[in-house]
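Here are a few friendly notes to read alongside the model. Please keep the 3D view open as you go through the points.

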Amino acid sequence: MSAQAQMRALLDQLMGTARDGDETRQRVKFTDDRVCKSHLLDCCPHDILAGTRMDLGECTKIHDLALRADYEIASKERDLFFELDAMDHLESFIAECDRRTELAKKRLAETQEEISAEVSAKAEKVHELNEEIGKLLAKAEQLGAEGNVDESQKILMEVEKVRAKKKEAEEEYRNSMPASSFQQQKLRVCEVCSAYLGLHDNDRRLADHFGGKLHLGFIQIREKLDQLRKTVAEKQEKRNQDRLRRREEREREERLSRRSGSRTRDRRRSRSRDRRRRRSRSTSRERRKLSRSRSRERHRRHRSRSRSHSRGHRRASRDRSAKYK
């Protein structure tokens, strides 16, 4: 990659698709199904294993550093939950690798000379010490490249101790079987990357394997998968808790609403009763007033008739008296 291309990639990674107003690049959003979600989370096996013996070639989905930058910016504002897609991708990839590892172990068991369980255990111990030496040497080389010479020297001292243990284990293994059989290369399948390891591999070969890009790439993928599983579990638990809390709040609001509605209905009934009582009292008062008015009217009429009758009687009496005189 030229210096100009590297600078362009760096700007894409820092500023995203809109860094120079290129509208054609903005047509594909990082949320598009065609975009590799593992690439957005920097864990796509096609990127990690590029240039190794297990180079997977170009990914079938879109890889773009600018889209990754867009995703990183957007993920700070809201949870996009792309970890689930990336986890499914890596689980499928690792499951296929583990399947190949088991097939390789089966082929070795069919092709290599069968040995007893005791001899097999001793050979396994040599393999384990080889693996420890290879990892320590790879770590020492990495520390030395970083300029941490003192720590690198300490690791090399540990390597010497493990080499002494390996020498004793090899002696026990050699004494447990015929010399002709011991000289045969006993292979083992690496549990991490499915590569073949020899029982008699030298330190350089072991360091190249355990410090190589293939083995470290598989370690990175497996560690990323474990991290994604943990993240997905935490986010799902958080979502479940949020969903449960929202449901409880909704149920509480519904209960309050029902109680409020009940109180409202009670108040309405109470007001309705009060209105009926007021109307009843008002009607009763009106009736009493009307009754009193009618009674007074009858009384006045009666008194008026009585006075009229009395006056007529007195007039008739006077008339009779005048006639006799």
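**Notes on charges and fold**

1. The structure holds 22 salt bridges, a salt bridge being a side-chain nitrogen of Lys or Arg within 4 Å of a carboxyl oxygen of Asp or Glu. Side chains of opposite charge can pair when their charged atoms come close.

2. A word on the source: this is a predicted model, where local features need pLDDT of at least 70 and side-chain atom pairs count only at pLDDT 80 or more, while totals for chains, interfaces and linings use all residues. Residues are numbered from 1 along each chain as its sequence is written, and side-chain values use heavy atoms, with hydrogens and water left out.

3. For the overall fold, the chain has 10 helices and two strands; these are DSSP runs (helices H or I, at least four residues; strands E, at least two), numbered from the N terminus. Along the sequence the pattern reads α-α-α-α-α-α-α-α-β-β-α-α. Of the 325 residues, 29% count as buried (under 20% relative accessible area, with exposed over 50% and partly exposed in between, using a 1.4 Å probe and protein chains only).

4. Have a look at helix H5 (residues 83-111), where arginine 99 and glutamate 96 sit three residues apart, about one turn of the helix. The two form a salt bridge whose closest N and O atoms are 2.5 Å apart. Arginine 99 is partly exposed, at 42% relative accessibility, and glutamate 96 is partly exposed too, at 31%.

5. Which residue forms a salt bridge with aspartate 98? The partner is arginine 222, with the closest N and O atoms 2.9 Å apart. Arginine 222 lies in helix H10 and aspartate 98 in helix H5, so the pair ties together parts that are 124 residues apart in sequence. Aspartate 98 is partly exposed, with a relative accessible area of 31%.

6. Helix H10 also holds arginine 245 and aspartate 242, three residues apart. Their salt bridge brings the closest N and O atoms to 2.7 Å. Here arginine 245 is partly exposed at 42% relative accessibility, whereas aspartate 242 is buried at 17%.

7. Leaving aside residues up to four places away in sequence, lysine 166 touches Leu129, Asn130, Ile133, Asp201, Asp203 and Leu206 (contact means heavy atoms within 4.5 Å).
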